[in-house]
Amino acid sequence: MINNQNPIWEKFDLKNNLIKEYKYWNLLIRKNQVKLGSCVAILKRDAYPMSEITEEEMAEYALLTKEVENALQESFKPHTIHHLALMFMDKQIHFHIFPRYTKKINFAGIEWEDDNVPDPLVQKRENVDQNLLNEIRDQIKSKML
């Protein structure tokens, strides 16, 4: 079902950053941790625009949403969680999942701070080291159903 020629899988590094595989979706940790626990859910089959998504795929996304929000809540206690389907650059159906925080969070020896700007993409962070990504990924994974 996955088209390995689609550059989105390399961009988000499916091999190293997979949190959970579903029938229709893959949930990955984002290399660019603009907020602690930032994830991306990518539809496994090639599809664009959003009108191409099926009822079954959206139903499974609802399940994925419940699971990842619960895992993020148990892991990092965010204030809220945003789901954004922007697809400015990657013409593949996917949702960016950004936890938002009202206080500083300490994780893996780093103090993470949300700048409270409404658009979670405005706060820029460099891609983090794969070892740190693995710690964040594994923390979320440990709380997934």
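The side chain of Asp114 makes a polar contact with the side chain of Arg100 (2.7 Å); a polar contact is a pair of N or O atoms within 3.5 Å, where within protein one must be able to donate a hydrogen and the other to accept it, and residues adjacent in sequence count only if both atoms are side-chain atoms. This is a predicted model, in which local features need pLDDT of at least 70 and side-chain atom pairs count only at pLDDT 80 or more, while totals for chains, interfaces and linings use all residues. Residues are numbered from 1 along each chain as its sequence is written, and side-chain values use heavy atoms, with hydrogens and water left out.

**Around Asp114**
- Asp114 lies in the loop between β7 (110-112) and α4; helices (H or I, at least four residues) and strands (E, at least two) are DSSP runs, numbered from the N terminus.
- Asp114 counts as buried because its relative accessibility is 6%, buried being under 20% relative accessible area, exposed over 50% and partly exposed in between (1.4 Å probe, protein chains only).
- A polar atom of the Asp114 side chain lies 3.0 Å from the backbone nitrogen of Tyr101.

**The sheet**
- Five strands form an open sheet in the order β1-β2-β3-β5-β4, with antiparallel pairing; two strands pair if DSSP finds at least two bridges between them.
- β1 (18-21) and β4 (80-84) stand at the edges with a single partner strand each, so one side of each is left without a neighbour in the sheet.
- β4 pairs with β5 (residues 94-100) in the antiparallel sense over five bridges.
- Arg100 in β5 is the bridge partner of Thr80.
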